[in-house]
Amino acid sequence: MESEKIHCLIIGSGPAGYTAAIYAARAGLKPIMYTGLVQGGQLMNTTDVENYPGYPKGILGPEMMEDFKLQAERFGTDIRYGMATKVEFNQHPPHKVWIDGEKLLEADAVILATGAEAKWLGLDSEKRLNGSGVSACAVCDGFFFRKQEVAIVGAGDTACEEAIYLSKICSTVHMIVRRDVMRASTIMQERVINTPNIKIYWNSQTDEILGDTVVESVRIKNCKENTMTEVPISGFFVAIGHKPNSDVFKEYIHTDDQGYVITVPGRTETNVEGVFACGDLQDKVFRQAVTAAGTGCMAALETERYLSAKH
Ligand code: NDP
């Protein structure tokens, strides 16, 4: 099997990975990045991004990721397509990473930036209208539906937080909850229940999101009463949880009960020497492009300090 020795390896190509690459390359670490299946991460599925500083007119998610890529390449990042399919992280480097089961990398330091994926309901209409009214991020896209009616599905802390966020921007938030209780913390539930323009549909599921080219309404099924209600909306938010892309590292890297990589508080260090984690892979609270970029910067700075102390 082909093998290669690498000084600084970055796995993942969202805002965290690219920002780590920009900093690592400018620090002379000659980083090599493996992008994963989709170069650019979750922002490749996003349309307008209006909350990333530096783009006063907004930008399309894929275009923004192309800018990140060009900036990382400008300082010499070697960007390659490929998936990390297996790792062997022993207490001391070099750390082994297999790419597509075909190539072995031996790295002095590794930055994990593989992100997380939003969970989806699995409806065809949800897929078809994604980016045309369907979104998995209220903070990113709520503003596009100001003063309009929207729906949100989910009943965890994220759904409650996002419903409250949306209630301040939108006229009415229709919240679809599949059981007769919410999973969210009591305080969050109370806030939702006490917000006049959030209407909760208990024991309900999304039967269909309707609209030809953009979201126009949602058909909600009350499973207890076996009734259907069609509600006109412009935005449909899915907030049923995220899955961090940590499976391949789990044998070696400590994760929490939901699979998020655990780092030293306020840092990007993991439990393994020379392995750092950034972005949504280790952040279940904020999940924003700008916060991912921030922790990507931190990971590169910590990697640079680590490698210069070692070599
Ligand atoms: P959770 O896994 O906690 O909740 C997911 C919710 O989505 C549940 O209510 C679940 O319903 C519902 N759901 C799942 N699948 C479906 C489906 N197919 N159809 C309809 N509903 C569905 O995810 P969160 O993202 O809310 O939270 C993840 C973690 O992050 C939690 O530990 C949370 O506390 C934490 N968090 C903390 C925050 C903070 O501290 N500020 C903010 C946001 C999150 P059911 O209950 O019936 O299973």
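**Entry 1: strands β15 and β16**

I began with strand β15, residues 217-222, which runs antiparallel to β16 and is joined to it by six bridges. Strands here are DSSP runs of E with at least two residues, helices are runs of H or I with at least four, and both are numbered from the N terminus. Two strands pair if DSSP finds at least two bridges between them.

The model is predicted: local features need pLDDT of at least 70, side-chain atom pairs count only at pLDDT 80 or more, and totals for chains, interfaces and linings use all residues. Residues are numbered from 1 along each chain as its sequence is written, and side-chain values use heavy atoms, with hydrogens and water left out.

Next I took the whole sheet. It is open, has three strands in the order β14-β15-β16, and its pairing is antiparallel. I found β14 (204-210) and β16 (227-232) at the edges, each pairing on one side only. From one strand to the next, the twist averages 25 degrees. The axes are lines fitted to C-alpha atoms (for helices over the stretch in contact), and angles run from 0 to 180 degrees between N-to-C directions.

**Entry 2: S217**

I stayed in β15 and picked S217. Is S217 buried or exposed? S217 counts as buried because its relative accessibility is 5%. Buried means under 20% relative accessible area, exposed over 50%, and partly exposed in between, with a 1.4 Å probe and protein chains only. I then listed contacts of S217, leaving aside neighbours within four places in sequence: E208, I209, L210, E230, V231, P232 and I233. Contact means heavy atoms within 4.5 Å. I also checked G133, which is 84 residues from S217 along the chain; their C-alpha atoms are separated by 10 Å.

**Entry 3: the five-stranded sheet**

I moved to an open sheet of five strands with parallel pairing, in the order β10-β17-β11-β12-β13. Its edges are β10 (134-135) and β13 (198-201); each has a single partner strand, so one side of each lacks a neighbour in the sheet. Strand β17 (residues 235-238) runs parallel to β10, and two bridges join them. The partner of V134 in β17 is F236.

I looked at helix α5 (residues 157-167) too. Its buried residues include A159, C160, E162 and A163. Among the elements covering the buried residues of α5 are α4 (138-141), α6 (186-193), β13 and β17.

**Entry 4: strand β8**

I found β8 mostly covered, with nine of its ten residues buried. Which strands pair with β8?

- β1 pairs with β8 in the parallel sense over nine bridges, and L9 stands opposite V110 in β8.
- β7 (residues 95-99) pairs with β8 in the antiparallel sense over five bridges, and I99 has K103 in β8 as its bridge partner.
- β19 (residues 275-277) runs parallel to β8 and is joined to it by three bridges, and I111 stands opposite F276 in β19.

I noted the hairpin of β7 and β8: three residues lie between the strands, and D100 takes a positive phi near 50 degrees.

**Entry 5: nonpolar cores**

A nonpolar core is a set of buried Ala, Val, Leu, Ile, Met, Phe, Trp, Tyr and Cys residues joined through side-chain atoms within 4.5 Å. The largest one has 32 residues, and C8, I10, Y18, Y52, M64 and I111 touch the most other members. At least two residues of this core come from each of β1 (2-11), α1 (15-26), α2 (61-74), β8 (103-112) and α7 (289-310). The most come from α7, which gives seven. Another core, of 23 residues, lies apart from it and includes C160, A163, V173 and V177.

I then checked K69, which is in helix α2. K69 counts as buried because its relative accessible area is 13%. Beyond neighbours within four places in sequence, K69 is in contact with Y18, Q39, I79 and Y81.

**Entry 6: rings**

The structure holds six aromatic pairs. Rings of Phe, Tyr and Trp (its six-membered ring) pair if their centres lie within 6.5 Å; planes under 30 degrees apart count as stacked, over 60 as edge-to-face and the rest as tilted. Y52, Y55 and F68 form one aromatic cluster.

Charges over rings came next. The charged end of K86 sits over the ring of W98, 4.3 Å from its centre. R146 lies over the face of F143, 4.2 Å from the ring centre. The rule asks for NZ of Lys or CZ of Arg within 6 Å of the ring centre and within 35 degrees of the ring normal.
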